[in-house]
Amino acid sequence: MSNSLLETLKHKQRVLASTSLRTLLSSDRSDFFLSLGDLVLDGSKNLVDVETLQLLVEWAKTKNLFSRIQDLAGGAIVNLSEQRPALHMALRGGSAAIHSKLIKNELDKMEAFVHKCHTQELLGSTGRPLQTIVNLGVGGSDLGASLCLEALEEYRHPNMTSYCISSLDGIYLHRLLQKLNFEQTLFVLSSKSFQTEDTLILARTVREWLREQTGKPDAWRQHFVGVSANAEAMEDFGILKDRQFYLWDWVGGRYSISSAMGLPVALAFGMDRFLEMLEGIQRVDQHFQEAPFEQNIPVMMGLLAAWNVGFWGAQAHVILPYDERLQKLPAYLAQLEMESLGKSVTEIGEAVRTTTSPFVFGEVGMKAEHSFFQLLHQGTRFFTTDFIAVATQSLEQSEEHHRLTLAHCLAQGRALALGVTEEEVTLELKQKGVSEGEKKRLLPHKIHSGNRPSNTILLRQLTPSALGMLLACYEHKVFVQSVLWGINPFDQWGVELGKRLSQDLKMTIMEKEFPAEYLDASTRFLLETISSSHAERGN
C-alpha cells in the first residue's frame, strides 16, 4: 500500500470515528448488500462508507489481489515457505482442471465405496454390513467432517450412523467403544501425514479393541479405512489396499473437506449430497475469480475484516450461528482463520507491520446470549461479529421456534450497532415511573454504546450446496486478508513447536524422571505434582 493511500485510509477512520452506525444506517446502504444463490451477505453494519469501500478496493488492487486469486486457482506456488501450490479449488472442478484425472479417480473410488456401503455389500469381519462410521482425526481431519455431519443431519442415509473422535485423552473414545457394536462399525482413520500422534494413538487403541472383540489378530482390517497423503504409512499400519483413499500435499488440512477427507460425509449422506456440496463450493470459487471486487462476497468479507483489524484495532472476531445445526462452525472457522492468519512474519520472512489475525471464537447464538453477550454489549474491547442464520426452517423445527430464533439474531445485530442512548434510557425509566434518585442510579448501567460492527450472513435454506457456499466464502475471505497483509495463509509452523516439546515430556512423564538440565521451574513443578498425584493413587 502506498503511503498516500495508507494515510487516506487512516484519515477516513478518524472521520468515521466521529459518526455512528445509527447515522450510517439511516441512509442507503445497498452497496453493502450482496447475494449469490442461496447466500446473502449484509455488511452494512460496519463503520465504513462507500468512499472508504472504494479506497479498500484500491488497496486490494495495489496488492495485485486479482492476479493472486488467479495464481491460487491456476496452481502457482502460493505457499512460499513450503514451496507448494494450494490446490483445494481444483478438488471441486477448478477452472484450470489441475490434476483432474487424479481427483476424478478418487471421487469415483469414493462413490463406489459409498454405494457398496449403502447397499449393504460392505461387510465387517463377521459378515454383517457396516453401518456405523467413526472418524478418527484431529484439526483439519476432523473439524470439516464434524461440522458437515451436524449441519446436514436431515439428509442422513437411513441406515447410517456417524461419530467423530478427535480428543487424544481417550475418554470419549472409551465411552463410545462401550456402546458400539464392533461387527457393524467402520473406522475412518483420517490423517494427511499419517504421522499425527493424536490420531495414531486413537487408531492403535481401536485396533487393539477390535482384536479383543474379534479374537483374531487381523480381523480389524475389515473395519478400517484410511485417508491420507502417505500411502506407504497406510500400508505399514495394515489398512487394506482397496480401503486406502488419497489426498495430496497440495491440499491443506483445513481446506481438505472437498477431498477424500469428506469420505465420512459421503458415507453419512450419500455421494450425491457430497457432490452437491462441492458444486456449492465451486460456485463461490467461480464467483471469487470473476466478480468485480465491489460485488464479490469473499472479497467484501476480507476487505471489511482487514479494515476492522488494521484500522480499528479489532482484537476478536465472534462467530454466532443462529441455528443449532451449525454449532460446529465457530470451531471450524477458528482453525481456518487463526491457523491461516496467525503469523508475525510476511510470506518472504520479514516482520509484519500490521496486526494480523484477531482471536476467533463463538457459539450458537441463543446459547451465547446467556454466556458472553454481556461483554459484547457493554465490554470495553473492540471486536467484530458475524451473525449466521437460515431463512427457512428445518424439517425438525417448528415455525414458532424458527421465527423466534431469527428475531433474536436480527435484534442482537441491531442492538450491537445502535446501542441505547442516555436519552432513550431516561425516557424508558420515566415511562416506568422510576423516581429521580433511582433513575440517576440506574442510568449509567443501562446505557449501551453501540457502534459495534457486524456482518449478517443469511442462507435461504441449509442444503449441502448452501453449506458449501458458506465454507468457500470464508476460505476465500481468509485468502484476501492474507494478500492484504502479505502473509502466507497455507503453512502452520506455530502448530509444530508444542508437538515437538510434548515428545520429550511424554517420555519424562512415563519414566517419572525429571532431568533438571532442560526443564524450566514451572514445568518441573507441574511434573512433580503429577508424579505425586499418581503415587497417592498407587499408580
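Colleague: Which residues is A351 in contact with, leaving aside its neighbours within four places in sequence?
Modeller: A351 touches S344, V345 and T346, where contact means heavy atoms within 4.5 Å. This is a predicted model, so local features need pLDDT of at least 70 and side-chain atom pairs count only at pLDDT 80 or more, while totals for chains, interfaces and linings use all residues. Residues are numbered from 1 along each chain as its sequence is written, and side-chain values use heavy atoms, with hydrogens and water left out.

Colleague: Where does A351 lie?
Modeller: A351 is in the loop between α13 (329-341) and β9 (359-362). Helices (H or I, at least four residues) and strands (E, at least two) are DSSP runs, numbered from the N terminus.

Colleague: Is A351 buried or exposed?
Modeller: A351 is exposed, because its relative accessible area is 58%. The cut-offs are under 20% for buried and over 50% for exposed, with partly exposed in between (1.4 Å probe, protein chains only).

Colleague: New topic. How many disulfides are there?
Modeller: The count is zero, taking a disulfide as a pair of cysteine sulfur atoms within 2.5 Å.

Colleague: What about C148?
Modeller: The closest cysteine sulfur to that of C148 is also in C164, at 9.8 Å, so it is too far for a bond. C148 is buried, with a relative accessible area of 0%.

Colleague: On to strand β6. How many of its residues are buried?
Modeller: Five of the five, residues 224-228, so β6 is largely enclosed by the rest of the structure. F224, G226 and S228 point one way, and V225 and V227 point the other way.

Colleague: How does β6 pair with β5, parallel or antiparallel?
Modeller: Strand β5 (residues 185-190) and β6 pair in the parallel sense over four bridges; to pair, two strands need at least two bridges found by DSSP. L189 stands opposite G226. From β5 the chain crosses through helix α8 (residues 197-214) to β6, and this β-α-β crossover is right-handed. Right-handed means that, with the strands pointing away from the viewer, the path from the first strand over the helix to the second runs clockwise.

Colleague: Which residue of β7 stands opposite S228?
Modeller: Y246. β6 and strand β7 (residues 244-246) have a parallel pairing over three bridges, and with helix α9 (residues 231-237) they make a right-handed β-α-β unit.

Colleague: What is the strand order in the open sheet of six strands?
Modeller: The order is β1-β2-β11-β10-β8-β9, with mixed pairing. The edge strands, each pairing on one side only, are β1 (33-36) and β9. From one strand to the next, the twist averages 15 degrees. Axes are lines fitted to C-alpha atoms, for helices over the stretch in contact, and angles run from 0 to 180 degrees between N-to-C directions.

Colleague: Which strands does α13 touch?
Modeller: α13 packs on the sheet, touching β8 (316-321), β9 and β10, and its direction makes about 170 degrees with that of β9. Helix α19 (residues 464-485) packs on the sheet too, touching β1, β2 (39-42), β8, β10 and β11, and its direction makes about 150 degrees with that of β11.
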